[in-house]
Amino acid sequence: MAGRDFKLIILSPERELFSGNVAQVLFPGVAAPFTVLYNHAPIISVLERGVIRWPAGEVAISGGFVEVCDNVVTACVEI
């Protein structure tokens, strides 16, 4: 990992959609969109239909959930 990057993993039931290091990621949370940065507090959140965005890419989802823990962000989503 370089500098203030963290590991982002996005999984669907069919396949791994993305795995790599990112500086930030924006999620479509049910209550409101939210951004995760390096050293974010541990959370688990439900995701609604929308787009997960990070500096080098994005993926449209129909829902899912995300876990943030120890600079590893894992999203399990439906596309």
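## Cysteines

Cys 69 is partly exposed, with a relative accessibility of 33%; buried means under 20% relative accessible area, exposed over 50%, and partly exposed in between, with a 1.4 Å probe and protein chains only. This is a predicted model, in which local features need pLDDT of at least 70 and side-chain atom pairs count only at pLDDT 80 or more, while totals for chains, interfaces and linings use all residues. Residues are numbered from 1 along each chain as its sequence is written, and side-chain values use heavy atoms, with hydrogens and water left out.

The structure holds 0 disulfides, a disulfide being a pair of cysteine sulfur atoms within 2.5 Å. The closest cysteine sulfur to that of Cys 69 belongs to Cys 76 and lies 14 Å away, which is too far for a bond. Cys 76 is likewise in no disulfide. Its relative accessible area is 27%, so Cys 76 is partly exposed.

## Strands β8 and β9

Strands and helices here are DSSP runs numbered from the N terminus, where a helix (H or I) has at least four residues and a strand (E) at least two. Two strands pair if DSSP finds at least two bridges between them. β8 and β9 pair in the antiparallel sense over 7 bridges. One of the residues involved is Glu 67, whose bridge partner in β9 is Thr 74. The two strands form a hairpin with 2 residues between them, and in the turn Asp 70 has a positive phi of about 55 degrees.

Asn 71 is in the loop between β8 (63-69) and β9 (72-78). Asn 71 is buried, at a relative accessible area of 15%. Its side chain reaches the backbone nitrogen of Asn 39 at 2.6 Å. Such a polar contact is a pair of N or O atoms within 3.5 Å; within protein, one must be able to donate a hydrogen and the other to accept it, and residues adjacent in sequence count only if both atoms are side-chain atoms.

## Other strand pairings

β9 also pairs with strand β1 (residues 6-11), in the parallel sense and over 5 bridges. Here Leu 11 has Cys 76 as its bridge partner in β9.

Strand β3 (residues 24-27) pairs with β4 in the antiparallel sense over 4 bridges, and a hairpin of 6 residues joins β3 to β4. Phe 27 has Phe 34 as its bridge partner in β4. In strand β4 (residues 34-37), Phe 34 and Val 36 make up a covered face, while Thr 35 and Leu 37 make up an uncovered one.

## Aromatic pairs

The whole structure has 2 aromatic pairs. Rings of Phe, Tyr and Trp (its six-membered ring) pair if their centres lie within 6.5 Å; planes under 30 degrees apart count as stacked, over 60 as edge-to-face and the rest as tilted. One of the pairs is Phe 18 with Trp 54, whose ring centres are 4.6 Å apart and whose planes are at 40 degrees, so the pair is tilted. Phe 18 lies in strand β2 (residues 16-22) and Trp 54 in strand β6 (residues 50-54), so the pair ties together parts that are 36 residues apart in sequence. Trp 54 is buried, with a relative accessible area of 10%.

## Salt bridge

Side chains of opposite charge can pair when their charged atoms come close. The structure holds 1 salt bridge, defined as a side-chain nitrogen of Lys or Arg within 4 Å of a carboxyl oxygen of Asp or Glu. The side chains of Arg 53 and Glu 58 form this bridge, at 3.3 Å from N to O. Glu 58 is exposed, with a relative accessible area of 52%, whereas Arg 53 is partly exposed at 41%.
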